[in-house]
Amino acid sequence: LALAPVSAPASSVDGFVREFLKNLNFTQGVPLSASSPNDRYLALAHTVRDYLMARWLEDQRGQREAQSKGVAYLSAEYLLGRQLDNNLLASRLTDVATEALAKCGIDIDDLRQQEVEPGLGNGGLGRLAACFIDSLATMSVPSIGYGIRYEYGIFRQTFVDGQQVEQPDAWLSLGSPWEFPHPEAAQTISFAGHTETYDDDGVERSRWIPAWNVQAVPYNYMVPGYHNGRVNTLRLWRSVATNAFDLRIFNSGDYEEAVRAQIFAENISKVLYPEDSTPQGKELRLQQQYFFVAASIRDFLTNVLAEDFDLEKLPERIIFQLNDTHPVIAVPEFMRVLVDEKKMDWDAAWAITQQCFAYTCHTLLPEALEVWSVDLLGRLLPRHLEIIYRINDEFLLAVRERFGDDEMRIRNMSIVSDFPERSVRMAYLATVAGAKVNGVAELHSQLLRDKVLPDFNEFYPGKFTNVTNGVTPRRFIRLANPQLADLITEALGAGWTVDLERLRGLESFAEDPEFRARFAEVKAANKRTLNTVLLARDGLSVPDGHMLDVMVKRLHEYKRQMLKVLHIVTSYEGIISGRVDVKDVTPRTFIFGAKAAPGYVMAKRIIHLINAVGSVVNADPRVEGRLNVVFPPNYNVTLAERVIPAADLSEQISLAGKEASGTGNMKFALNGALTIGTDDGANVEIRELVGDDNFFLFGMTEPEVEALWAEGYRPSEFYQKDEDLRRAIDLIASGAFSGGDRTTFEPVVSNLLYDDRFMVLADYASYIAEQGKVDAAYGDQDAWTRSAILNVARSGYFSSDRSMRDYIQRIWHTPPAY
Ligand code: 26W
C-alpha cells in the first residue's frame, strides 16, 4: 500500500462535500455548525490540495525519472496572489466546489475573501516570476521555482492624513494551507569565517572554514498547470537555527544566548526588502540572496541528480535562470561546489558554469544595478570573493587578448570596480557567467546591448537576446474577468486560454454591433463590481458613467505619477478658473494604486500630493462630480484583478528609455482598456500590434530624450513657456491642496522646476494634448468599444506562454514537454 500511488478523491459534488467535511472535522477540528469562516476557508483549501496531490506526486516522480533537461528559476520574489481560485480553475473544480459548498449552506465567495495573498514580491519582477511558473506548469516544461519564504511579505500600506504608513504583512498568521514544510530535508548553509589552502594528495586546493551556519528548510507549493493534469513545484526556503538549543551553550548555562542564536538565524527569511530598484547594500539582503541560492543549488545536486551523476554532463540537465542580479551569487557558489567540494579542475568547472546559467536583466536605471562592496563580501563569503577575483582576472586577460591593453575599456568592463569603493558589479558577473543575457522587451534589450553593456556585446557576439515579457491569461483574464472570458469562449470556443493568439478571431467580432454591445456591457458590469469592492474595502466609490482612467504600479519618479497629477490639476484649474465650462468636461474617475519604498522620500511626497489633490477636487462643488480621484491603499494582486478589468484607460507614461517592459500595460490591453503611453518598454510592441488608431501615443522618443539631455534640459523654460503648465504648478505651489500651506509640497514643486530628472515638464504639453484626444474618442462610445475589442484581439502575443516558448527556443533548449 505504501508504494501505491495516491488517487484523487471523486470529482462529484457529493464526493467534494465528503472531503470538505472531513477536512473541517479532521484538519480543522471543528464541526460545520461551530466553524468560523477561516476554518471553512482552510478546510476548502485542504480539500483542493487533496485533489491535486496525486498529480503532484506523480509529476515529481515523473520529472525525476525522465532525466531530461530542466529549468530552475531562481528568483528572490514571487508575487503569487491568492491561490484558492487559481487552483480551483486549474483543476476544473470551480463548479463542483461551488455547488458542494452551497449544499453545506456556504457561499464560496465568502471563503474566497478569507485568503490573505502571499505578497512575496515588490512589483513587476515578482509578478512576472509568478506568471512564468504558471505557464511552465501549463506547458508541461520540466522546471522548478526556487525562492525565499518570507515570513513578512510586502508591507501593508495605509494612509494617515493622506500619507503612507507601512504595516507588517503577517500573511501566515491565520494558517498557510498551500505549503508543505519539510524540516527533515533541511540543508546547512554557512557564512563568514576564512579560507585556507591545503595539500590534497599533491594538489593544492582551497577550502572555506565558515564561522556560523543556519538551516534552510524547504517549503513546497503546488503549481498546477491549467487543465493539463500537471502540478509543478515552487520551493521556498525558510531559515531556522541549526541547533535550537546548542548543547555547549546550554550546558554553560547561557540559555539566553541560545535563544538569541535562534532569533538571529530566523532573521534571514524574516522580511522581504521593500526597495524596488534602489539596492541598499544591506548585509542581511546579501545573506538572503546567498541563503536561497546555496540551498537551491545543493537541493538540485543532491535531490534531483542521481548519486553517481557525471557532473561533466550538468549542462545537459539544468539551466539556472537568474531573475535579475538578486540570485547572481549562485555563480561563485556553483564554482565553489564544483571546484572545492567536487574537486573538479577550474577550467572544466568554469566551462560547465558558463552553460548552466542565464541572466535576465529587468532594469535600465543605473542605480538599480546591484553592487556589493568587497569589504562586505569578504566578511560574509570570503571564498566566493576569491572565486570572483579569479573569474575577473581570467576574464580581463581574455579582454586584453582581444582588444589590447585598452586600460579604459578594461576598467569599464571589470567585474570588480574601484570607484566609489571597491565593489563587485553583479550584472557584469552575471553577463560574464551567463550563456545568454536577455532584456524583457525589444526596446529594453536593444538599449541593454547598445547603451548599458556595449563592450560586453562586442566581446560576446550572440550572447545578448530579447524575450518580451508576458502575463498569464489564466489569472488575468479567466479569473479576473470571467464575463469577458465567457464572451470570448462563446465567440471563439475554449482553446484561447492556452493559445492566446486565437484572440485574433475577435477582430471580425469588433465589426458586429451586437457583440460590441455585449462587450460594453461586460465592461460596465466590471465597473459596478469594482464599485462594490471598493466600497466594502475602503468606503470609496466609482460613479456610474465615468471613464475609468487607471494608473497602478509602484510609485517611482521615472514612472511619472506626477504627470498624471499635473493632468488632473490642469483639468481642475480649468474648471475653477471658469475657462472651461464644467458641462464640457468628460466625467472621469482617476484610480491610483501605488506603494512607495519606505525610505523613498520623494515618492512618499507624491503619494501625499495625490491624496491631497483628491480630497480637494472630489469635494469641490464647482466640479459637479465630474472629476473624481480614487486612491485605494495597499494595491496588490488581489486588487489588480478587480481594477484592471474595469478600466477604460491604461496609463503607461514613463519617460522613454526608463521602463524596461511593464507588464501591467499588457494586462490592461488584454482586458480591453486603451493605452495612453510613451514609446517605452513593451508599450512599443503593444502599439505595433494593436495599431496606431487604437493607442494614444505621446511624448519624446528615447533618442529625443537623449538629445534634450545633451543640449541641456532646463525644466523651468517649459514652465515659463506653457501657460497651462504654469497654472497647474502654481496652484500646487499656492497651497491650494494643503490648506493654504505653501511648504508642504514645495519640495515636489522645486524638484520639478529645477531638477526633473524624468522630464515631466518636457512631456507635459504632449500628454495634455493626447488626453484631449482621449476625451474626444470617448465621446463616441461605440467606436471606443470597437478599439477596445481590437486591443484584446491583437494582444495574444503577451501571454506568458509565448514568453516561455521564447525562453525555451533562445535560451534554455529544454524539451517542450515531459
Ligand atoms: C533593491 C534592488 C532591486 C533592484 C531592481 C529590487 C528590484 C528590482 C527590480 C528589477 C524592479 C522590477 O521589478 N523591475 C521591473 O521588472 C518588470 C518585469 O520584467 C518590468 O516589466 C518592469 O519594467 C521593471 O521595472
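Which residue in E17 does Ser 417 stand opposite? Keep that question in mind while we walk through this model, which is a predicted one.

Let's start with the whole chain. Its C-alpha trace spans about 90 × 75 × 60 Å along the principal axes. A compact globule of 818 residues would have a radius of gyration near 28 Å, and the chain has 27 Å, so the two values agree. Within the chain you can look for 33 helices and 25 strands.

Next, see how the chain is divided. The domain assignment gives three parts: domain 1 covers 1-66 + 91-116, domain 2 covers 71-82 + 121-371 + 424-467, and domain 3 covers 543-785.

Now turn to domain 2 and domain 3, whose C-alpha centres lie 36 Å apart. Where they touch, domain 2 brings 33 residues to the contact and domain 3 brings 28 residues. On the domain 2 side, at least two residues each come from helix H6 (124-138), strand E5 (156-160), strand E6 (163-167) and helix H16 (442-452). Sorted by class, that side of domain 2 holds 15 polar, 11 nonpolar and seven charged residues.

Finally, let's return to the opening question by way of a sheet. Strands of a sheet pair through backbone hydrogen bonds, and the pairing can be parallel or antiparallel. Here, three strands form an open sheet in the order E15-E17-E16, and their pairing is antiparallel. Strand E15 (371-373) and strand E16 (416-417) are the edge strands, each pairing on one side only. Follow E16 to its partner, strand E17 (residues 423-425): the two run antiparallel and are joined by two bridges. Here is the residue we were looking for: Ser 417 stands opposite Ser 423 in E17. Helix H15 (residues 426-433) packs on this sheet, where it touches E15 and E17. The direction of helix H15 makes about 50° with that of E17.

Conventions:
Residues numbered from 1 in each chain as written. Predicted model: local features only at pLDDT ≥ 70, side-chain atom pairs only at ≥ 80, totals over all residues. Domains from an automatic or database assignment. Contact = placed C-beta atoms within 7 Å. Helix = DSSP H or I, 4+ residues; strand = E, 2+ residues; numbered from the N terminus. Nonpolar A, V, L, I, M, F, W, Y, C, P; charged D, E, K, R; others polar. Pairing = 2+ DSSP bridges. Axes fitted to C-alpha atoms, helices over the stretch in contact; angles between N-to-C directions. Rg over C-alpha atoms; globule rule 2.2 N^0.38 Å.
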